[in-house]
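Here is a set of exercises to work through with the coordinates open beside you.

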Amino acid sequence: MKIEDLREAYGRELLAVARVDDRVVALDADLCGSTMTKYLKEEIPERFFEMGIAEANMISVAAGLALSGKIPFVNSFAVFAAGQPYNQIRQGVALPNLKVRIVGSSSGLSDAGDGATHQSIEDIAIMRAIPNMTIVVPVDAEETRKVVCLSLHHGGPMYIRISRSPLPVLTDSQTVFKIGKMTLMAEGSDVTIFATGIMVHKALEAREILIKQGINIRVVNVSTIKPLYQEEVLKYIGDVKGIVTAEEHSIIGGLGSAIAEALCEKMIPIKMVGIEDQFGQSASTHEELLKYYKLTPEAIIEKVKALLNRD
Amino acid sequence: MDNNKIKELKRKAKIIREGILECIGINKRGHLGGSMSSADLVAALYFYKMRINPQNPADPDRDRFIFSKGHSVLAQYAALAELGFFSKAELKNTKELGSILQGHPEIRTPGIEANTGSLGQGLSIGIGMALAARLDQRSYRVYVILGDGELDEGQIWEAVAWARVRCLDNLIAIVDHNKLRANSPTNEGNGQFNIRAKFEANGWKTWEIDGHNMEEIIKVLDETDRVKSSPCAIIAHTIKGKGVSFAENNFSFHNNALTEEQYERAKRDIASIVE
């Protein structure tokens, strides 16, 4: 399976859209070598703004640029981009519904070595609570490129969550990507897995194992966490006995919560795979952390079997 | 500047103060103190300095004004109504359910350029607008009124440092230095000392003026036009509640209700201001 770096795809695509649309500007808080805005910086320096390590100022400057007709892409690690300037995002960007793209890089546990301070496990919850915000978690490099491109034509603020880890390429240029639409990745009729980000790949692995045991699960990629439409969820659950959600995020306020909110009046059991209410920690690899916090195919399999009363 | 023009600007400041009272009304809460202290600065910007056209509010070349101390927006509402951005009849609906005049500035209101209210953000938004002017090779200028209490916010100093690095000479910060926050003097707590020195240390061209002296205000605003390569800061010494005798230098009227008697007294006080 082909593996591709999402940050690299993001940085290259950002430059590509900036070349053809001079409204595009990028702001970064001293992390352009990691968020990959360095490509835009090198080729179009007049539209790259090194803001220093001052995220609050960065977001509000982006608001001013958006109020003047620019399309700012604001970059930092997800934990800083979404966490540090919460009120600047809320008041300056979301309330006036401005076209600012907040790009949270090194998201989830993917900055493994740096530990809890640098791992964003509640960023989706924070962003979800803000009215007008659109939240997209690209599943792979291909989708990352599509999100960047499509974001130029989408109104209002958007939070884009990018993993530090290169991920399997699960979609191709033919796969349709639309804000608010889910993507069926594999069919099955026993249980539906709604997964996002790196967990889509984990869910597909779980599916391969379960097929051999006579269990068929459907895997749905939820790249748009917000808006999350009930009718979109209902498309994929008519025939199944239960639902499992899977995300590299706290089980509080993320994809699992969003699905549960959408289905709270439907009599269908839901189980969640995500980080329990706790912080991350340092480890030598991302994979090691995913195992420790039970963000694995095995964890998904366990939930599926519990739903089906199988062991 | 001839005396008639100064007299006219003082008359506009008086109209703004009357408008502030109109917004606050009787037995309703409203941010009187900070609105009154900003009134002369707002009058000078809207009726003397800024290039704006109520008939073409989206003109890309218009000058921008951001009230970063958003609670004082009543002074801006009064000025915008006087300019015809919306009807003066709207002023009495300020803060009512469904009103276009919210408790703090929102861009849904004609003439308002940015959402502020949570303090500390307006100068940064102004930087974004000043950068856009440069990218688009437009000559508009960006004026931001800050509160002195607002200078407690760390983001202000992020913005002050950054604007200097980019030599944003189209950005003008005006500090409404009335020396009082909502509940305490600004030199208490993590208080603000040597505001001028802080701006100057960050490379801003800085002036200190009497923020109620119209001649001084317009003179310094004109001087900012000639500054090259550095942003401008005007520290305007003001009196909280200026124009309303019982509210002057009294933080009880930061955001308080006026009784009918107080309201009438305030109206008389404002009417008696010499133009």
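**Exercise 1. A strand and its partners**

Which residue in β13(A) is the bridge partner of A:T192?

Solution. Please keep in mind that this is a predicted model.

Step 1. Look along β13(A) for the partner of A:T192: the residue is A:I243.

Step 2. Now widen the view to the two strands. β10(A) and β13(A), the latter spanning residues 242-250, are parallel and share five bridges. Another of their pairs is A:A195 with A:A246.

Step 3. Turn to strand β11 of chain A (residues 217-221), which is parallel to β10(A) and linked to it by five bridges. Here A:F194 has A:V220 as its bridge partner.

**Exercise 2. Burial of β10(A)**

Work out why β10(A) counts as largely enclosed by the rest of the structure.

Solution. 

Step 1. Recall the cut-off: a residue is buried if 20 or more other C-beta atoms lie within 10 Å of its own.

Step 2. Apply it to residues 191-195 of chain A: five of the five are buried, so strand β10 is largely enclosed by the rest of the structure.

Step 3. Sort the residues by face. A:V191, A:I193 and A:A195 belong to one side, A:T192 and A:F194 to the other, and both faces are covered.

**Exercise 3. Onward from β13(A)**

Which residue in β14(A) stands opposite A:A246?

Solution. 

Step 1. Check the burial of β13(A) to begin with: eight of its nine residues are buried, so this strand too is largely enclosed by the rest of the structure.

Step 2. Find the pairing. Strand β14 of chain A (residues 270-275) and β13(A) are joined in the parallel sense by five bridges.

Step 3. Read off the residue: A:V273 is the one opposite A:A246.

Step 4. Follow the chain between these strands. Helix α11 (residues 255-262) of chain A carries it from β13(A) to β14(A), in a right-handed β-α-β crossover.

**Exercise 4. An open sheet**

In what order do the seven strands of the open sheet in chain A come?

Solution. 

Step 1. Walk across the sheet: the order is β3-β2-β4-β5-β7-β6-β12, with mixed pairing.

Step 2. Inspect the edges. β3 (48-50) and β12 (224-226) of chain A each have a single partner strand, so one side of each is left without a neighbour in the sheet.

Step 3. Zoom in on one pair. β5 (residues 101-105) and β7 (residues 158-161) of chain A are parallel, with four bridges, and A:R101 is partnered by A:M158 in β7(A).

Step 4. Helix α4 of chain A (residues 55-67) lies across β2 (24-28) and β4 (71-77) of chain A, at about 165 degrees to β4(A).

**Exercise 5. What covers helix α6(A)?**

Identify the elements that cover the buried residues of α6(A).

Solution. 

Step 1. Count the buried residues in helix α6 of chain A (residues 86-94): there are seven out of nine, so the helix is largely enclosed by the rest of the structure.

Step 2. Name some of them: A:Q88, A:I89 and A:R90 are among the buried residues.

Step 3. Look for the cover, which includes α4 and β5 of chain A as well as α4 of chain B.

Step 4. The contact takes 20 residues from chain B and 21 residues from chain A. On the side of chain B, α4 (122-135) and α5 (154-165) are the elements giving two or more residues, and α4(B) gives the most, with eight.

**Exercise 6. Two helices of chain B**

At what angle do the axes of α2(B) and α3(B) cross?

Solution. 

Step 1. Remember what to report: two packed helices are described by the angle between their axes and the distance between the axes.

Step 2. For α2 (residues 32-49) and α3 (residues 73-83) of chain B, the axes cross at roughly 35 degrees and come within 8 Å.

Step 3. Assign the hand: this crossing of α2(B) and α3(B) is right-handed.

Step 4. List contact residues, including B:S35, B:A39 and B:V42 from α2(B) and B:L74, B:A75 and B:A79 from α3(B).

Technical notes: Residues are numbered from 1 along each chain as its sequence is written. Chains are lettered from A and ligands numbered from 1 in the order in which they are written. This is a predicted model: local features need pLDDT of at least 70, side-chain atom pairs count only at pLDDT 80 or more; totals for chains, interfaces and linings use all residues. A residue is buried if 20 or more other C-beta atoms lie within 10 Å of its own, exposed if 12 or fewer, and partly exposed in between; C-beta atoms are placed from the backbone. Two strands pair if DSSP finds at least two bridges between them. Axes are lines fitted to C-alpha atoms, for helices over the stretch in contact, and angles run from 0 to 180 degrees between N-to-C directions. A crossing is left-handed if the near helix is turned anticlockwise from the far one by less than a right angle, and right-handed if clockwise. Two residues are in contact if their C-beta atoms, placed from the backbone, lie within 7 Å. A crossover is right-handed if, with the strands pointing away from the viewer, the path from the first strand over the helix to the second runs clockwise.
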